[in-house]
Amino acid sequence: MSNIYWRSRLAISFLFSGLSLDEGAPLGCAGIRAYHAVKAEALPVLHAGDYVVVIGVGGLGHIAIQLLKKMNTCSIVAVDVRRRSLSLAEKLGSDETLLAGKNMATQVRRVAKKGVGAVIDFVGSTSTLNASYEMLRAGGRLVVVGAAGGHLKVDSGSTNGREVHGSVSGSLGEMGELMELAREKQFRVVVKAYPLEQVSEVLKMLEEGRIEGRAVLKP
């Protein structure tokens, strides 16, 4: 019942904050996960002149890019396998975009020659996790949000103070902060609504990577 109560409070809050339910629905999942990863996990380790990398410009990543742009002055590098998503990242404030490939860490280090301060991995595959860790500067932090089932192999003798943090969701207080930012139009969620009857089609689009931002199903 507590989960139902919490979601009911959110729905009421959306109405009184000037947000439509379509705009507000993704905040309780994609929004809060991106916000916590940025504010609580990435920002504390970023220094002036640092680079921060966002891997996966999907439903969460496109929100994270905007939040990073509003909350920090570090250069943002967006990485994705889809050129369409990288185009969206540019529009939302990313300073650099890179098409993901086998030499992802090398590509990033050509831009950030001393390594990056933080990487937020919204994919979580073995390839993205290992590349993310490799591109960190000494004392940098990898924030793992994605759950693609990947594995990270770390040599304990060469950590150089680098950290790996898992990030799942945020607190109710952070949710309130996020909603206030949304109400003030400090960021926007790219969202498209579909009738519930199209659920199978939408799931197929999601699986094929054809959803830009977030999809909302409406009864």
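This is a predicted model: local features need pLDDT of at least 70, side-chain atom pairs count only at pLDDT 80 or more; totals for chains, interfaces and linings use all residues.
**Entry 1: Ile65 and the cores**

I then asked which residues of the largest nonpolar core touch the most other members. Ile65 is one of them, together with Leu27, Leu68, Ile120 and Phe187, in a core of 39 residues. I listed the elements that each supply at least two residues of this core: helices H3 (30–42), H4 (61–71), H5 (83–92) and H8 (172–183), and strands S1 (51–55), S2 (75–80) and S4 (116–121). Helix H3 gives the most, with seven residues.

I also noted a second, separate core of 18 residues. Val79, Val108, Met135 and Leu136 are among its members.

**Entry 2: Asp80**

I moved to aspartate 80, which is found in strand S2. Is aspartate 80 buried or exposed? Its relative accessible area is 5%, under the 20% limit, so I count aspartate 80 as buried. With neighbours within four places in sequence left aside, I list Gly56, Val57, Ser85, Leu86, Leu98, Leu99 and Ala100 as the contacts of aspartate 80.

**Entry 3: Arg82**

Arginine 82 sits in the loop between S2 and H5. I read a relative accessibility of 24% for arginine 82, so this residue counts as partly exposed.

**Entry 4: Salt bridges**

I searched the whole structure for salt bridges and have 10 on the list. Side chains of opposite charge can pair when their charged atoms come close.

I took the pair of glutamate 41 and arginine 141 to begin with; their side chains meet in a salt bridge at 3.9 Å, N to O. Which parts does this pair tie together? Glutamate 41 belongs to helix H3 and arginine 141 to strand S5 (residues 136–144), so the bridge links parts that are 100 residues apart in sequence. I wanted the accessibility of both partners. Glutamate 41 has 11% relative accessibility and counts as buried. Arginine 141 has 10% and also counts as buried.

Next I looked at helix H8. Glutamate 180 forms a salt bridge with arginine 183, with 2.5 Å between the closest N and O atoms. I note that both residues lie in H8, three residues apart, about one turn of the helix. Glutamate 180 is partly exposed at 33% relative accessible area.

Arginine 183 has a salt bridge with glutamate 184 as well, at 4.0 Å, N to O. For glutamate 184 I read 39% relative accessibility, which counts as partly exposed. Arginine 183 is partly exposed too, with a relative accessible area of 40%. I followed shared partners from bridge to bridge and found Glu41, Arg141 and Glu163 joined into one network.

**Entry 5: Surface patch**

I looked for nonpolar side chains on the surface. Leu196, Val199, Leu203, Leu206 and Leu217 form a nonpolar patch there, and together they have about 410 Å² of accessible area. Which element gives the largest share of the patch? I find that helix H9 (residues 199–207) does, with three residues.

I checked valine 199, which is found in H9. At 31% relative accessibility I count valine 199 as partly exposed.

**Entry 6: Whole chain**

I closed with totals. The protein chain has nine helices and eight strands. I compared its radius of gyration, 17 Å, with the value near 17 Å for a compact globule of 219 residues; the two agree. Along its principal axes the C-alpha trace spans about 50 × 35 × 35 Å.

I find 45% of the 219 residues buried. Among contacts with a separation of 6 or more, 59% come from residues 24 or more positions apart. The protein chain exposes about 11200 Å², and I note that carbon and sulfur atoms supply 53% of that area.

Definitions and conventions. Residues are numbered from 1 along each chain as its sequence is written. Side-chain values use heavy atoms; hydrogens and water are left out. A nonpolar core is a set of buried Ala, Val, Leu, Ile, Met, Phe, Trp, Tyr and Cys residues joined through side-chain atoms within 4.5 Å. Buried means under 20% relative accessible area, exposed over 50%, partly exposed in between (1.4 Å probe, protein chains only). Helices (H or I, at least four residues) and strands (E, at least two) are DSSP runs, numbered from the N terminus. Patches are made of residues with over 30% relative accessible area and no salt bridge: like charges are joined within 9 Å, nonpolar side chains (Val, Leu, Ile, Met, Phe, Trp, Tyr) within 5 Å. Accessible areas come from the Shrake-Rupley method with a 1.4 Å probe; for residues, only the protein chains shown count as cover. Contact means heavy atoms within 4.5 Å. The radius of gyration is taken over C-alpha atoms; the globule rule is 2.2 Å times the number of residues to the power 0.38.
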